[in-house]
Amino acid sequence: GRGVRGLGLARGAEVVPRATSRRALVTSIAVGEAALDLLLACGCELAGRPNYEHLQGEPFSVIARSFLPEPVAETAGVAKEALDRGDAALDRGEYDGAVKEFTFVLEVAPTEYKLCQRALLKRTEAYRAVGDREGAGRDFRKQWLWGRGLRWPGHYILSYVFLRPAFLPLDPEVEENEEQKRRGGGGLPLEGVLV
């Protein structure tokens with residue numbers, strides 16, 4: 001038999017309005033995109049953080065706990081002093097000494113995001129000055145990846161963009177356009193393109 005056109009009803013089938021099934025689809029896509037972004041952010045976080053190789057092979061719960069905020073390291077003051085000494089050595093052109101100081105920062109306070117980011121950036125500069133392209137590239141990649149990890153503010157914006165359609169009311173004009181596409185008209189929807 002024929003169903004009632006436009007309402008998603010069919011004889012002998014469960015009654016599911018098209019707006020409800022569209023809402024479910026929009027919500028599942030939105031949640032999926034946000035989850036994928038979070039997963040990629042966690043991967044960047046793990047790949048970029050210094051001294052987190054000890055997490056390899058650990059259970060998921062240990063790795064997941066490592067993403068939670070940690071108290072300021074007791075050695076943060078020592079790391080800040082080493083960062084200042086490394087900056088001074090870099091300014092004087094003592095690149096080997098600067099590399100040692102920046103490496104010390106990464107070793108004594110590996111969970112201090114801002115200190116480590118600055119140490120990696122400055123150590124990249126020192127490596128470039130002595131012609132160590134491999135070391136400079138390695139540090140740049142770590143700094144870039146960790147910078148795109150969970151602490152990057154852009155993830156809040158992306159989560160908002162991804163999840164927003166799930167909670168907005170469905171637009172009746174969009175519904176009409178979707179009905180026209182189902183009948184054979186229309187092109188690719190712009191909403192299917194990732195940001």
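Reader: How many helices and strands are there in the chain?
Author: The chain has eight helices and zero strands. Along the sequence the pattern reads α-α-α-α-α-α-α-α. This is a predicted model.

Reader: What's the average pLDDT of the chain?
Author: The chain averages 78, and 73% of the residues score at least 70.

Reader: And which elements have the lowest and the highest mean pLDDT?
Author: Helix 8, residues 172–182, has the lowest mean at 60. Helix 3, residues 76–92, has the highest at 96. Separately, residues 1–9 have a pLDDT below 50, and that stretch makes 10 contacts in the model beyond near neighbours in sequence.

Reader: What share of the residues count as buried?
Author: Of the 195 residues in the chain, 31% are buried. As for contacts between residues at least 6 apart in sequence, 62% of them join residues at least 24 apart.

Reader: Pick a buried one. Where is Val105?
Author: Val105 is in helix 4, which covers residues 95–108. Its relative accessibility is 0%, so Val105 counts as buried.

Reader: What is it in contact with, past its neighbours in sequence?
Author: Val105 is in contact with Ala79, Ala82, Leu83, Pro110, Leu115 and Ala119, leaving aside residues within four places. Ala82 sits 23 residues from Val105 along the chain, and their C-alpha atoms are 6.2 Å apart.

Reader: Is Cys42 buried or exposed?
Author: Buried, because its relative accessibility is 17% and the cut-off for buried is under 20%. Cys116 is buried as well, with a relative accessible area of 0%.

Reader: Now Gln117. Which helix does it lie in?
Author: Gln117 lies in helix 5, residues 113–130. With a relative accessible area of 10%, Gln117 is buried.

Reader: A buried glutamine, then. What does its side chain reach?
Author: The side chain of Gln117 reaches the backbone oxygen of Gln143 at 3.3 Å. Not counting residues up to four places away in sequence, Gln117 touches Gln143, Trp146 and Gly147.

Reader: Where is the place of Gln143?
Author: Gln143 is in helix 6, residues 133–147. Gln143 is buried too, at 17% relative accessibility. Beyond residues up to four places away, Gln143 touches Gln117, Leu120 and Leu121.

Reader: Last one, helix 7. How many residues has it, and how far does it reach?
Author: Helix 7 runs over residues 154–167, which is 14 residues. From first C-alpha to last it reaches 20 Å, close to the 20 Å expected at 1.5 Å a residue.

Reader: And where does the kink lie?
Author: The kink in helix 7 is at Val161, shortly before the proline Pro165, and comes to about 25°.

Reader: Which residues in helix 7 are buried?
Author: Gly154, His155, Leu158, Phe162 and Ala166.

Reader: Why would spacing matter there?
Author: An α-helix has 3.6 residues a turn, so residues three or four places apart point the same way.

Note on methods:
Residues numbered from 1 in each chain as written. Predicted model: local features only at pLDDT ≥ 70, side-chain atom pairs only at ≥ 80, totals over all residues. Heavy atoms only, no water. Helix = DSSP H or I, 4+ residues; strand = E, 2+ residues; numbered from the N terminus. Buried < 20%, exposed > 50% of the residue type's maximum accessible area, 1.4 Å probe, protein only. Polar contact = N/O pair within 3.5 Å; in protein donor to acceptor, adjacent residues only side chain to side chain. Contact = heavy atoms within 4.5 Å. Expected span 1.5 Å × (residues − 1). Bend = angle between axes of the 7 residues up to and from the residue. pLDDT = per-residue confidence, 0-100.
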